[in-house]
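This report covers the contacts between two chains, then selected side-chain pairs within them. The sequence and structure come first.

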Protein chains: 2
Amino acid sequence: MSGRKAQAARNDELIREAARAVFTADPGAPISAVAEHAGVGISALYRRYKSKEDLLQKLAADGMDRYLAEVEAALADDAAPWAAFAGFMRRCLDIGAGSLTMRLAGSFEVTEDMSRKGREIHAATQRLLDRTKEAGALRPEIEVGDISVLLEHLHTIRIGDDERMNRLQHRYLALMLDALHLTGAEELPGPAPTWQELRGRYDG
Amino acid sequence: MSGRKAQAARNDELIREAARAVFTADPGAPISAVAEHAGVGISALYRRYKSKEDLLQKLAADGMDRYLAEVEAALADDAAPWAAFAGFMRRCLDIGAGSLTMRLAGSFEVTEDMSRKGREIHAATQRLLDRTKEAGALRPEIEVGDISVLLEHLHTIRIGDDERMNRLQHRYLALMLDALHLTGAEELPGPAPTWQELRGRYDG
DNA sequence: TGTAGAACGGAATTCTTCGTTCCGCTATGA
DNA sequence: TCATAGCGGAACGAAGAATTCCGTTCTACA
């Protein structure tokens with residue numbers, strides 16, 4: 001497996017990876033930054049995606065798939081509810097799932113397919129939360145919208161190089177997990193964000 | 001108190017307030033957004049500030065003053081360490097203190113005066129944390145850098161209108177406070193962000 | 001070995017956005 | 001009545017970004 005075909009296949013991956021990294025860091029980044037980060041020229045990008053919007057759409061759809069896969073993996077692990085949930089959150093942090101789509105909101109047209117996937121994601125996450133709550137391991141007031149918001153904002157922590165950044169994100173996730181695990185604590189102020197509120201940002 | 005002078009004085013305040021809100025929401029916002037949010041024209045802005053950089057500098061300096069005032073108020077309240085600390089965090093959230101300066105980092109030249117204030121802020125926050133830890137009310141691993149990062153990121157939660165946003169920010173602050181108050185919990189991963197790391201972002 | 005063409009790097013082009021300036025207009029207060 | 005401070009917003013120019021274009025390189029196959 002070598003030659004131009006292999007190089008191209010490798011570039012496919014390189015570009016997707018770079019796009020994920022760059023747009024997670026800065027949703028408004030120029031497309032040239034993606035090319036640079038991937039170590040390729042701009043035309044390598046335009047050969048694969050019709051436009052920036054096209055790239056963002058595919059990236060967002062991909063992010064939703066990754067996230068859904070994680071939720072389902074967590075649901076499949078029915079031994080220790082809390083451990084499964086905590087592991088799910090940590091994995092989401094590492095693979096950048098659960099935030100990209102949201103942060104990109106507004107910069108591309110939402111397809112019917114994505115709306116459908118969004119509903120699936122919501123339902124699956126709901127199941128995961130319910131199960132964890134039933135095991136008495138999660139604050140009952142926590143809702144799906146909370147998870148979105150938390151993941152999204154953990155991803156916005158950007159200090160130092162990639163490795164340092166990841167460690168810091170895990171530091172604050174650990175803090176949040178401690179708080180989420182506290183079932184006997186005082187009630188939280190304000191209702192959780194609703195599905196409408198989160199989706200509202202797509203249309204704005 | 002009416003007439004042109006009064007109108008101008010009112011605009012002074014309107015513009016400062018709008019600038020704070022707009023740049024807290026988006027540090028890269030155009031200056032026209034500030035004018036619009038304040039309900040004034042662009043020239044009302046340029047009559048008061050020489051340039052965008054000038055406005056940002058004054059805003060950042062003002063933000064540092066507000067923050068320092070809050071820390072000192074918390075230190076002055078020496079009855080209940082934890083309540084003082086929690087109240088301090090909540091007030092910072094409401095007045096937008098502790099994050100603006102950081103988020104604006106890199107978009108203007110840092111004056112010697114600001115550096116000095118930065119050191120004061122660090123020292124005062126350190127005292128507040130130490131005191132709260134000594135009372136056994138705060139995780140010992142929490143450092144000044146953590147507070148900066150937490151406040152900064154709580155401010156980036158932007159959903160719904162201003163009032164709704166504020167409630168949600170308080171919801172997640174409450175969660176974080178529960179975690180910070182947990183003195184017996186497992187150790188956090190990764191060291192806290194250092195002063196250098198945070199300041200590093202000024203130099204770009 | 002010669003050659004068609006896929007894949008690419010990056011300069012050139014075009015479009016957008018933003019900071020700043022400029023030009024009347026209005027209301028105040030002498 | 002008039003000079004003018006204060007203002008709204010269009011106009012201008014620079015910076016930056018998306019997209020296109022062209023010359024080059026490398027592969028595969030004759």
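## Interface and side-chain pairs

Six salt bridges cross the interface of chain B and chain A, a salt bridge being a side-chain nitrogen of Lys or Arg within 4 Å of a carboxyl oxygen of Asp or Glu. The model is predicted, and local features need pLDDT of at least 70, side-chain atom pairs count only at pLDDT 80 or more, and totals for chains, interfaces and linings use all residues. Residues are numbered from 1 along each chain as its sequence is written, chains are lettered from A and ligands numbered from 1 in the order in which they are written, and side-chain values use heavy atoms, with hydrogens and water left out.

One of the salt bridges joins B:E197 to A:R164, with the closest N and O atoms 2.5 Å apart. On the side of chain B that touches chain A, the elements giving two or more residues are α8 (144-155), α9 (162-181) and α10 (195-203) of chain B; helices (H or I, at least four residues) and strands (E, at least two) are DSSP runs, numbered from the N terminus. The largest share, 12 residues, comes from α9(B). By class, this side has 20 nonpolar, five polar and 10 charged residues, where Ala, Val, Leu, Ile, Met, Phe, Trp, Tyr, Cys and Pro count as nonpolar, Asp, Glu, Lys and Arg as charged, and the others, Gly among them, as polar.

In total, 35 residues of chain B are in contact (heavy atoms within 4.5 Å) with 35 residues of chain A. About 3000 Å² is buried between the chains, 62% of it from carbon and sulfur atoms; this area is the accessible area (1.4 Å probe) that two parts lose on being put together, summed over both. In chain B, the residues that lose the most area to chain A are B:I159, B:R171 and B:L175, together 23% of what that side buries.

B:R171 also forms a salt bridge with A:D146. Because B:R171 lies in helix α9 of chain B and A:D146 in helix α8 (residues 144-154) of chain A, the pair joins two chains. Both B:R171 and A:D146 are buried, that is, under 20% relative accessible area, with exposed meaning over 50% and partly exposed in between (1.4 Å probe, protein chains only).

Over all chains the count comes to 32 salt bridges.

| Pair | Closest N to O |
|---|---|
| B:R171 and A:D146 | 2.8 Å |

B:R48 is partly exposed at 23% relative accessibility, and B:D12 is partly exposed at 33%. In chain A, salt bridges that share partners join A:D65, A:D113, A:R116, A:K117 and A:E120 into one network.

The structure also holds six aromatic pairs over all chains. Rings of Phe, Tyr and Trp (its six-membered ring) pair if their centres lie within 6.5 Å; planes under 30 degrees apart count as stacked, over 60 as edge-to-face and the rest as tilted. The rings of A:Y67 and A:F88 have centres 5.7 Å apart and planes at 70°, so the pair is edge-to-face. A:Y67 and A:F88 are both buried.
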